[in-house]
Amino acid sequence: MASHPQIVDGRGRLRSPAAFLRRLSNGDAIAHFITLTFAATILLITSLLVYELWINSRLPRHAFGWRFLFTSVWDPVFGHFGALPFVYGTLVTSAVALIIAVPLGLGAAIFLAEMAPRGLSDILAFLIELLAAVPSVIYGLLGIFIVVPLVRDYVGPFLKSTLGFLPLFRGPCYGVGFLTAGIILAVMIIPFIISVSREVLLSVPPDQREASLSLGATRWEATWKAVVPFARTGILGSIFLALARALGETMAVTMVIGNDPKISASLLAPGYSIAAVIANEFTEASGDLYLQSLIELGLVLFLLTFILNGLARILIAATETKGMASE
Amino acid sequence: MTSHVNPPVITTAARTNDPFAGAVLKDIANEQLRFHVAGLNFFYGAKQSLFDVNLEIPANCITALIGPSGCGKSTFLRTLNRMQETVRHTRVEGTVLLDGQDIFDMDVVRLRRRVGMVFQRPNPFPKSIFENVAYGLRINGFRGKLADRVEHSLHRAALWDEVKDVLHKSAYALSGGQQQRLCIARALAVDPEVLLLDEPCSALDPISTAKIEELMLQLRSACTVVIVTHNMQQAARVSDVAAFLLEGRVVECRPTAQLFTTPSDPRTEAYITGRFG
Amino acid sequence: MTLHLRWRKFVNLLMLGLTGVCVTVAVSALLIILGYLVIHGARSLNWNFFTKLPKPVGETGGGMANAIIGSAKLILLASCIGIPIGCIGGIYLAEFGGKTFSFLVRYTTDLLNGVPSIVIGIFAYTVVVLPMQHFSALAGGFALGIMMIPIAVRSTEEFLRAIPRSLREGSVALGASKWKTIVRVVVPAAIGGITTGIMLDIARVAGETAPLLFTAFSNRYWSPGWNQPTASLPVMIYTYAIAPYEDWHRQAWAAALVLLALVLLTNIVARLVLYSRRGSVSR
């Protein structure tokens with residue numbers, strides 16, 4: 001019977017080689033190692049992705065430097081590449097999409113979170129989640145055959161006749177262009193705004209709403225003046241997330257934007273986006289500079305979405321901790 | 001009623017100079033010691049919750065650990081099968097011997113096969129009744145007729161008659177009391193030498209509790225039972241030996257009848273008469 | 001009732017109406033999409049669509065049999081990459097993870113999830129197509145597989161964490177080692193949720209077009225093996241939709257209907273299962 005006290009470490013393991021071997025043989029250490037390796041693969045893949053984007057865009061980076069982002073010439077024949085038309089197109093279509101989608105999405109989220117009875121809210125939220133599952137190319141298909149004629153024959157002429165004095169709505173309207181792409185993008189990002197905003201609104205502690213109602217506010221007033229401001233940062237986060245999604249959206253935009261690398265003030269004019277030009281010209285790019293310029297565009301897109309997604313997550317987390325702290 | 005076993009003789013001589021080291025059992029004649037615990041200290045991070053615990057648990061008896069909540073009885077129980085190792089930042093110092101062997105020097109898997117545990121809330125696996133009982137056998141590489149062993153364990157847990165026709169059904173279809181007996185059967189299936197029960201009846205109704213207490217009395221002859229309970233009447237009903245713990249220390253440990261009728265420590269008396277805890 | 005109160009009540013009602021209109025717009029978008037596809041696609045769906053190869057450019061008729069098989073192959077390959085890495089990585093995060101490393105893995109997984117699909121296509125191009133010097137199903141499956149990883153990780157981790165600790169303790173107390181507990185108790189208990197998560201993952205990846213444009217590319221014939229450019233439903237829809245041929249537009253609608261039907265059905269089934277489980281989760 002041993003009587004001297006044995007020191008064991010926190011896991012109760014004796015520090016001795018025999019004990020270590022015994023530990024190894026029961027498989028836990030192996031399992032830990034294997035699962036860790038697979039998890040590490042994710043790190044490896046992502047690092048490799050960034051590395052490949054960087055290394056395969058070195059030609060244009062060395063040739064153009066920062067000017068790449070501010071040049072509006074896209075001339076494969078003479079090897080002059082500038083990203084400005086595409087960055088412009090990406091930003092404009094996303095802006096149009098946000099202008100349409102945010103009020104609609106926020107309104108719908110408020111309805112679902114605050115005004116509708118729970119059962120109805122759940123069913124509608126379910127249907128809207130399905131909307132998010134529709135593949136991009138199908139949005140594009142419907143865009144070509146429904147929205148483009150609609151814009152060409154009704155919306156465009158209407159806007160020109162009423163708001164034609166604005167440079168936004170001047171010039172010929174072919175149906176394809178920034179506006180059409182923006183409309184389709186709006187439909188695509190609405191589900192994200194709705195579902196994230198709805199979750200954020202539902203996570204606001206009920207005492208905010210109750211305090212307002214008990215002071216005699218109407219339902220709407222309680223919502224708009226107490227709940228929504230509380231969830232402000234989270235809602236902003238949902239908008240950022242939707243924006244990040246819109247920036248990277250490829251197929252639907254490619255099919256309706258007109259594919260014209262020009263910067264126009266008019267929304268009715270055709271344009272181009274970063275994702276669209278990569279999709280269209282990648283397989284036909286002749287020469288390394290051309291291809292690598294497209295890859296550099298991909299790098300730009302990556303960085304844009306990276307920053308936006310990061311900001312979005314911080315904002316959403318901020319609302320959720322705010323909710324918990326005040327409990 | 002209580003024990004039919006010769007109660008071990010207790011000496012109250014302290015083993016160390018520490019007046020709080022607690023009393024030590026000395027066995028007589030044919031009674032062995034199953035567990036011998038010396039100088040056990042338990043730390044969770046920087047916080048210490050067991051202080052120099054010295055205890056000896058006799059074989060084939062029911063030992064009850066009683067005390068107010070937070071006194072460390074569950075913590076102590078869980079060190080007996082090294083379950084504290086599943087939690088980070090825990091540290092144990094001291095010696096725990098099972099039949100003379102240091103449990104920290106043993107393969108923990110084999111230790112846990114010899115020392116089984118039943119938890120406060122029934123935790124059957126989301127499998128069938130049969131598979132729940134067979135689980136321990138399967139993972140320990142049992143070669144033999146599984147069905148016989150399962151049946152035998154369910155008999156020992158006094159559950160066989162109630163489930164013999166529905167062995168394939170989910171364990172969750174059983175009532176709380178039945179689930180707990182299933183957990184006992186599951187633990188018994190691997191034929192442990194010791195069964196640790198951590199407040200096994202606290203989530204159960206009185207009838208299920210009575211059934212499980214009856215079970216424990218029957219198990220005693222083949223198995224050493226250590227039970228943590230906050231129910232003093234239960235401790236008085238079933239145990240042979242009782243240890244009273246307070247704030248991480250063993251105050252006294254004696255045959256149950258003696259501890260309850262003539263406690264040697266005023267704190268024990270205060271607890272039993274309900275003045276606190 | 002004062003005038004001001006009347007006004008406030010009016011505003012309340014008005015906003016109820018307006019926000020309701022917003023929801024109606026959103027939901028009707030879904031119904032319009034479904035409606036159009038059913039109307040235009042159903043009449044072009046025929047036996048030929050599922051069994052015939054595409055006809056040469058300009059000729060009418062033909063089908064998309066190769067695209068259907070191609071998509072299936074790509075999804076299979078993507079699953080072979082995405083599911084193991086995602087699920088086992090998720091097991092690491094839920095069961096083993098150390099503090100800093102887990103944070104890194106989670107952060108990177110979220111990062112990967114946010115990468116636009118066309119950029120993933122570029123990555124697959126540089127890593128698979130360039131060394132091989134040609135398009136292939138391998139490259140396409142690789143791209144789709146990478147897109148599958150983040151959701152698989154998140155899904156697996158979430159459902160493993162939902163399994164109560166008491167189940168793990170019960171297994172360990174019987175003498176099971178940690179990995180045996182994971183394999184025999186925890187994962188089987190969580191498998192329902194994990195599977196539905198994977199189903200949603202596959203449905204998402206099945207509709208992706210952009211990453212395939214310069215990895216698997218396309219093919220008007222069968223593409224046996226994994227080394228050839230491979231047709232896929234989404235890419236066919238794209239190619240046919242932007243082409244000037246009426247017959248191709250017809251076929252694009254049909255393909256879109258098939259694709260959407262598969263994607264939506266998978267989504268509906270998986271989400272219904274998930275929501276019903278959430279009611280009976282905690283044990």
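Into which domains is chain A divided? I looked this up at the start. Chain A splits into domain 1 (17-55) and domain 2 (68-325), with bounds taken from an automatic or database domain assignment. Over C-alpha atoms, the centres of domain 1 of chain A and domain 2 of chain A are 38 Å apart.

**Ground rules**

I am working with a predicted model, in which local features need pLDDT of at least 70, side-chain atom pairs count only at pLDDT 80 or more, and totals for chains, interfaces and linings use all residues. Residues are numbered from 1 along each chain as its sequence is written, and chains are lettered from A and ligands numbered from 1 in the order in which they are written.

**Chain A**

I counted elements next. Chain A holds 14 helices and 2 strands. Helices (H or I, at least four residues) and strands (E, at least two) are DSSP runs, numbered from the N terminus. I then checked burial. Of the 327 residues of chain A, 51% are buried. Buried requires 20 or more other C-beta atoms within 10 Å of the residue's own, exposed 12 or fewer, and partly exposed is in between, with C-beta atoms placed from the backbone. For contacts in chain A with a separation of 6 or more, 75% link residues 24 or more positions apart. A contact needs C-beta atoms, placed from the backbone, within 7 Å.

**Chain B**

Chain B has 10 helices and 12 strands. It has 277 residues, and buried ones make up 50%. Among its contacts between residues at least 6 apart in sequence, 68% join residues at least 24 apart.

I stopped at B:N60. Its phi is near 50°, a positive value in a residue other than glycine. B:N60 sits in the loop between β4 (47-58) and β5 (62-66) of chain B. Is B:N60 buried or partly exposed? B:N60 counts as partly exposed because it has 17 C-beta neighbours inside 10 Å.

Then I took a helix pair. Two packed helices are described by the angle between their axes and the distance between the axes. Helix α6 (residues 176-189) and helix α7 (residues 206-219) of chain B have axes that come within 9 Å and cross at roughly 20°. I note that axes are lines fitted to C-alpha atoms, for helices over the stretch in contact, with angles from 0 to 180 degrees between N-to-C directions. α6(B) is therefore roughly parallel to α7(B). The angle classes are roughly parallel under 35 degrees, roughly antiparallel over 145, roughly perpendicular from 65 to 115, and oblique for the rest. The crossing of α6(B) and α7(B) is right-handed. Right-handed means the near helix is turned clockwise from the far one by less than a right angle, left-handed anticlockwise.

Which residues make the contact? From α6(B) I listed B:G176, B:G177, B:Q180, B:R181 and B:I184. From α7(B) I listed B:S208, B:K211, B:I212 and B:L215. By class they are 3 nonpolar, 4 polar and 2 charged. Ala, Val, Leu, Ile, Met, Phe, Trp, Tyr, Cys and Pro count as nonpolar, Asp, Glu, Lys and Arg as charged, and the others, Gly among them, as polar.

**Chain C against chain A**

The contact uses 68 residues from chain C and 67 residues from chain A. Helices of chain C that each supply at least two residues of the side touching chain A include α1 (3-42), α3 (65-96) and α10 (246-279). α1(C) gives the largest share of that side, 18 residues. The side of chain C that touches chain A has 50 nonpolar, 13 polar and 5 charged residues.

**Inside chain C**

I compared α3(C) with α6(C). Their axes come within 5 Å and cross at roughly 30°, so α3(C) and α6(C) are roughly parallel to each other. α3(C) passes α6(C) in a right-handed crossing. Their contact has 18 nonpolar, 9 polar and 4 charged residues.

C:P84 is in helix α3 of chain C. C:P84 counts as partly exposed, with 15 C-beta neighbours inside 10 Å. C:P84 and C:V128 are 44 residues apart in sequence and 20 Å apart in space, C-alpha to C-alpha.

C:S171 lies in helix α7 (residues 165-173) of chain C. C:S171 is buried because 24 other C-beta atoms lie within 10 Å. Leaving aside neighbours within four places in sequence, C:S171 contacts C:A176, C:T181 and C:V185. C:S171 and C:T181 are 10 residues apart in sequence and 6.0 Å apart in space, C-alpha to C-alpha.

My last stop was C:F217. C:F217 is in the loop between α8 and α9 of chain C. Phi of C:F217 is near 60°, a positive value in a residue other than glycine. C:F217 counts as buried, with 22 C-beta neighbours inside 10 Å.

Terms used. Contact = placed C-beta atoms within 7 Å.
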